[in-house]
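Student: Could you walk me through the charged pairs here, with the cut-offs spelled out?

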Amino acid sequence: MLKNKSCPCESGREYADCCAPWHDGAAATTPEQLMRSRYSAFVFGLHDYLLATWHATTRPEAMSDEEPVRWLGLKIKHAQAAGVNGEVEFIARYKIAGKAWKLHERSRFIYEEGRWYYLDGEMLNS
Ligand SMILES: [Zn+2]
């Protein structure tokens, strides 16, 4: 992993000053930060991080590498937090086997014991 490269979450900052601290174990302070760090984790294939930031009630047992996804970019459309509930709407672009796709999702996040967790997401039409 190249820490001096621009962060894959497209914040415009270097990875070391963006998602790296969350990947290294610090607690993301907002749902948007967690969302960005999870996107970067998808790009880097950090399955342990993805599972660790997934809420226990909705977390899959494991993540597979079966589909070779190439992530192309992230755009955060809207992010908010109210109490222990957070919501982030985003569009992620990716390619599978050379074909481009777009994922437009509204994700829900929940704050528990000092950390935000990804709960679930609703697909939206672009
Ligand atoms: Zn980032």
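Student: Is Arg108 buried, partly exposed or exposed?

Tutor: This is a predicted model, where local features need pLDDT of at least 70, side-chain atom pairs count only at pLDDT 80 or more, and totals for chains, interfaces and linings use all residues. Residues are numbered from 1 along each chain as its sequence is written, and side-chain values use heavy atoms, leaving out hydrogens and water. Buried means under 20% relative accessible area, exposed over 50%, and partly exposed in between (1.4 Å probe, protein chains only). Arg108 has a relative accessible area of 41%, so this residue is partly exposed.

Student: Which residue forms a salt bridge with Arg108?

Tutor: A salt bridge is a side-chain nitrogen of Lys or Arg within 4 Å of a carboxyl oxygen of Asp or Glu. For Arg108, the closest N and O atoms of the pair are 2.8 Å apart, and the partner is Asp120.

Student: How many residues apart are Arg108 and Asp120?

Tutor: Strands (E, at least two residues) and helices (H or I, at least four) are DSSP runs, numbered from the N terminus. Arg108 sits in strand β3 and Asp120 in strand β4 (residues 115-123). The pair links distant parts of the chain, with a separation of 12 residues.

Student: Where do Arg36 and Glu32 lie?

Tutor: Their side chains meet in a salt bridge (3.0 Å, N to O). Arg36 is buried at 16% relative accessible area, whereas Glu32 is partly exposed at 27%. The two are 4 residues apart, about one turn of the helix, and both lie in helix α2 (residues 31-44).
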